[in-house]
Amino acid sequence: MLNPESPPELATAKWLNSSEKSPPTLAASKGKVVVLGAFQMHCPGSVSHLLPQLARLHAQFQDDEVEVIGLHTVFEKAEAQTPAQLEAFLEDNHFDFPVAIDKQNGGALPETMDAYELQGTPTLLIFDRQGRLRRHYLGQVDDIRVAAEVMAMTIEARDAPREQSIALERRLAAVLVDPNDHQHEHEGGCCGGHDHDHGHHHHHHDHSHKGEDSCGGDGSCGCKH
């Protein structure tokens, strides 16, 4: 079972837009807030929302404070989403943030996707300065919410005691409207996503999020929330 207090390192086959000798692994990025977006080239929600969102975050936050990473985690149509095709796709769309290619382990799901119990794409993960997994969203998340949560985590000291993190989570919960209070539909199609009820616990902050335009690993379809 995934332990958000000590999440595993990314299992990668290759890095793009980064030096292979010194890629921005989770271990190398400790001390920064890390925003990681898991995506597929053929997932509508990834292409229309997550990847542009990662590009905006990469452009607006200093990279010595916030590391933005894409994770190409392919569990369907692998023949149409090869590393060479991905490299051309990133170049054509001017996505210049680092992208890791999830390692295939011979199973139904890529290794990092399996280790993090990801239910589909797009998925957004946010790690704090101490390397703890603080957010896990499936589907589309509003820019304002993501930026507010990232900014709040940058305010925490690199060695902040747990009490500081809990206090910050309480303030975020008090200030930000829970997206589950707003029933809305996202534009675009669904390519294999299933209806998710995805609950995670981060420092006493419970959050569940279900998203349209998401692709799930079971091959079924059903998107609205």
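Analyst: Happy to! Please keep in mind that this is a predicted model.

Arg-134 is part of strand β7, which covers residues 133-138. Its relative accessible area is 0%, so Arg-134 is buried, the cut-off being under 20%. One is Asp-128, whose side chain forms a salt bridge with that of Arg-134 at 2.8 Å, N to O. Like Arg-134, Asp-128 is buried. The other partner is Glu-156, where the closest N and O atoms of the salt bridge with Arg-134 are 2.9 Å apart. Glu-156 sits in the loop between α4 (143-155) and α5 (162-175), so its pairing with Arg-134 ties together parts that lie 22 residues apart in sequence. Glu-156 is buried too, because its relative accessible area is 5%.

These pairs belong to a wider set. A network of salt bridges links Asp-128, Arg-132, Arg-134, Arg-135, Arg-145, Glu-149, Glu-156 and Glu-169. If you have the structure open, Arg-134 is a handy residue to start from, with Asp-128 and Glu-156 as its partners described above.

Another salt bridge worth a look pairs Glu-67 with Lys-32, with 2.9 Å between the closest N and O atoms. This one links distant parts of the chain: Glu-67 belongs to strand β3, while Lys-32 is in the loop between β1 (12-16) and β2 (33-39), and the two are 35 residues apart. Glu-67 has a relative accessible area of 10% and therefore counts as buried. Lys-32, at 19% relative accessibility, is buried as well, since the cut-off is under 20%.

You will find Gln-81 in the loop between β3 (66-72) and α2 (83-92). With 4% relative accessibility, Gln-81 is buried. What does its side chain meet? A polar atom of the Gln-81 side chain lies 2.8 Å from the backbone nitrogen of Met-41. A polar atom of that side chain also lies 3.1 Å from the backbone nitrogen of His-42. Leaving aside residues up to four places away in sequence, Gln-81 touches Gln-40, Met-41, His-42, His-72, Val-74 and Glu-76.

Finally, the backbone has a few spots to check. Most residues other than glycine have a negative phi, and most peptide bonds are trans. Against that background, Thr-121 and Pro-122 are joined by a cis peptide bond, with omega at about 0 degrees. Pro-122 is in the loop between β5 (120-121) and β6 (123-127). Asn-17 is not a glycine, yet has a positive phi of about 60 degrees. Asn-17 belongs to the loop between β1 and β2, and its 39% relative accessibility makes it partly exposed. Glu-117, also not a glycine, has a positive phi of about 55 degrees. That residue is in the loop between α3 (111-115) and β5, and Glu-117 is partly exposed at a relative accessible area of 41%.

Conventions: Residues are numbered from 1 along each chain as its sequence is written. This is a predicted model: local features need pLDDT of at least 70, side-chain atom pairs count only at pLDDT 80 or more; totals for chains, interfaces and linings use all residues. Side-chain values use heavy atoms; hydrogens and water are left out. Helices (H or I, at least four residues) and strands (E, at least two) are DSSP runs, numbered from the N terminus. Buried means under 20% relative accessible area, exposed over 50%, partly exposed in between (1.4 Å probe, protein chains only). A polar contact is a pair of N or O atoms within 3.5 Å; within protein, one must be able to donate a hydrogen and the other to accept it, and residues adjacent in sequence count only if both atoms are side-chain atoms. Contact means heavy atoms within 4.5 Å. A salt bridge is a side-chain nitrogen of Lys or Arg within 4 Å of a carboxyl oxygen of Asp or Glu.
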